[in-house]
Amino acid sequence: MLRPDYPLRTARLLLRPFTLSDFDDLYAIRSRDDVTRYLYAEPESPEQVREVLERKISESRLDVVGQTISLAVVWSQLDRVIGEVHLQWLSDEHQQGEIGFVINPDQHGSGFATEAAEAVLSLGFAGLGLHRIIGRLDSRNVGSARVLEKLGLRREAHFRHDEIFKGEWSDQFVYAILADEWQARR
């Protein structure tokens, strides 16, 4: 079980549960082709973003396996949501989780994804007691692969043509890090 004390603070970011007032910022992100290129979603309409936001508002704690924490990534300097970061609890028995992140392309290259994901990895290892956390991505998503590598995750798998994604065969990379490896980096 994980019920973090919010907000979580990093050097430049505030990570907190989503609120209804985040709609405009979330829509500005999720309605973009360049954001959804490697996501299962297509650019979303205002109605779709409202539905997504309502779900995300309820994703602020982990009580049972299968749940996800979805947090708004707020750049303190702007006091605006510039992205989202996730932690899903995959297995209690095997102490496994998965992270994910999306940052507005207008802020790419500033280290925000790395900073936000680092805080969520700490939540998973220190807060939930996970043994292993993975990150999965389309093999063409070079930026996200770089973020995972900066965080110390290693590529453990390359699944070739494992699914038809947006009308074409795609490859998937799976990255992972163990709790003791994470601790050694601290």
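The structure, a predicted model, holds five aromatic pairs, a pair being two rings of Phe, Tyr or Trp (its six-membered ring) whose centres lie within 6.5 Å, with planes under 30 degrees apart counted as stacked, over 60 as edge-to-face and the rest as tilted. One of them joins Trp 75 and Phe 112 in a tilted arrangement, 4.9 Å centre to centre and with 55° between the planes. Because Trp 75 belongs to strand E3 (residues 68-75) and Phe 112 to helix H4 (residues 112-127), this pair ties together parts that are 37 residues apart in sequence; helices (H or I, at least four residues) and strands (E, at least two) are DSSP runs, numbered from the N terminus.

Asp 25 lies in helix H1 (residues 23-30) and, its neighbours within four places in sequence left aside, is in contact (heavy atoms within 4.5 Å) with Arg 80 and Val 81. The table gives relative accessible areas, where buried means under 20%, exposed over 50% and partly exposed in between (1.4 Å probe, protein chains only).

| Residue | Relative accessible area | Class |
|---|---|---|
| Trp 75 | 16% | buried |
| Phe 112 | 2% | buried |
| Asp 25 | 10% | buried |

Charges also sit over rings, a term that requires NZ of Lys or CZ of Arg within 6 Å of the ring centre and within 35 degrees of the ring normal. The charged end of Arg 50 is placed over the ring of Phe 23, 4.3 Å from its centre, and Arg 155 lies over the face of Phe 173, 3.7 Å from the ring centre.

Residues are numbered from 1 along each chain as its sequence is written, and side-chain values use heavy atoms, with hydrogens and water left out. In this predicted model local features need pLDDT of at least 70 and side-chain atom pairs count only at pLDDT 80 or more, while totals for chains, interfaces and linings use all residues.
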